[in-house]
Amino acid sequence: LRQACDLYWEDHAQHHAKANTTGAHLDTLERLLGPMRLLSEIDAGAIRRFVTTRRQEVSPASVNRNLSTLRKMLRIAREEWGEALPEVKISKFMLDEPVGREVFLKRHQADQLIAAVIPHARPIVELALLTGLRKGNILGLHWEMVDLDARRLTLIVKDRSSLGKPLTVPLIDAAAQLLEWLQPDPALRQGPVFTYGNPQVKCPCNACKRQKLIGQQIGDIKKTFETARKAIGMPQLRF
């Protein structure tokens, strides 16, 4: 299986529009099915056990995406690599997915959300709204990734290599101005961008007053975000 995943990555997956996501699926298949398992051993029982385990970790939709990647790889193994594999109808193991709802914020709702979170989290939410980046990418942002002259961020995102893959994100003026405001002195733009006790933010919370936390990277804003989304009447809102 490990050899198959590597070959599928080299020949196909790395060229996908969402290559990083496909790479993550392949990692999951290796982890739960076993990297040394023969492709010919991936039968109905193995897939059933995979689904039983995986559904304890993620949503039905995520399980189905993993199975779709497995189905594509096994089809290529038969058609391109000439492997004699048992015919397993993977679609019958697909899980029912709940009907999802996309939630869009109007401008006034975005303003309410920003106002409702604790002050040290406001720039984090603002940058998310201005860039569309995921929470982990924003919280892990370091000044070394920020080029305000070129108006861009350069992130390293996961792929199947150990080094990761660079991702360039353009900054509109409002996003660049937000980052400039967070640290006006270019000489001090080092280390994590979002820290406790930033004098520009003037957050009155205990964490921002605690001497040993001042200047330390903000780890998460889950609690304040949950409180804020309820306060604005949108408890279903996700970061």
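1. Which residues of α6 are buried? In this predicted model, the buried set of α6 consists of P123, I124, V125, L127, A128 and T131. The elements that cover these residues include α5, α7 (135-139), β3 (165-170) and α8. After α6 comes G132, whose phi is positive, near 80°.

2. Two packed helices are described by the angle between their axes and the distance between the axes. For helix α5 (residues 107-116) and α6, the axes come within 8 Å and cross at roughly 155°. An angle over 145 degrees counts as roughly antiparallel, and α5 is therefore roughly antiparallel to α6. The crossing of α5 past α6 is right-handed. On the α5 side the contact is made by A110, L113, I114 and A115, and on the α6 side by R122, V125, E126 and L129.

3. Within helix α5, L113 may be examined individually. L113 has a relative accessible area of 3% and is buried, because the limit for that class is under 20%. When neighbours within four places in sequence are set aside, the residues in contact with L113 are L105, V125, F225, A228, R229, I232 and L237. L113 also has a C-alpha to C-alpha distance of 8.3 Å to A231, although 118 residues separate the two in sequence.

4. Helix α8 (residues 173-182) has its own buried set, made up of A175, A176, L178, L179 and L182. Viewed down the axis of α8, these buried residues fall within an arc of 155°, so they line one face of the helix. Their cover includes α6 (122-131), β1 (146-147) and β2 (152-157).

5. How do the axes of α3 and α4 cross, and at what angle? Helix α3 (residues 44-54) and helix α4 (residues 60-79) have axes that come within 10 Å and cross at roughly 150°. The two helices are therefore roughly antiparallel to each other. Their crossing is right-handed. The contact involves I47, F50, V51 and R54 from α3, together with V63, N66, L67 and L70 from α4.

6. The loop between α3 and α4 contains S59. With a relative accessible area of 34%, S59 is partly exposed. The C-alpha atoms of S59 and E97 are separated by 8.3 Å, while the two residues are 38 apart along the chain.

7. Most residues other than glycine have a negative phi, and most peptide bonds are trans. R151, in the loop between β1 and β2, has a positive phi near 55° and is not a glycine. Its relative accessibility of 28% makes R151 partly exposed. K202 likewise is a residue other than glycine with a positive phi, near 55°. K202 is placed in the loop between α8 and α9 (206-209). At 64% relative accessibility, K202 counts as exposed.

8. How many disulfides does the structure hold? There are zero disulfides in the model. C205 takes part in none, and its nearest cysteine sulfur, that of C203, lies 3.6 Å away. C208 is likewise in no disulfide, and its nearest cysteine sulfur, that of C205, is 3.6 Å away.

Technical notes: Residues numbered from 1 in each chain as written. Predicted model: local features only at pLDDT ≥ 70, side-chain atom pairs only at ≥ 80, totals over all residues. Heavy atoms only, no water. Buried < 20%, exposed > 50% of the residue type's maximum accessible area, 1.4 Å probe, protein only. Helix = DSSP H or I, 4+ residues; strand = E, 2+ residues; numbered from the N terminus. Arc of directions from axis to C-beta. Contact = heavy atoms within 4.5 Å. Disulfide = S-S within 2.5 Å. Axes fitted to C-alpha atoms, helices over the stretch in contact; angles between N-to-C directions. Parallel < 35°, antiparallel > 145°, perpendicular 65-115°, else oblique. Left-handed = near helix turned anticlockwise from the far one by under 90°.
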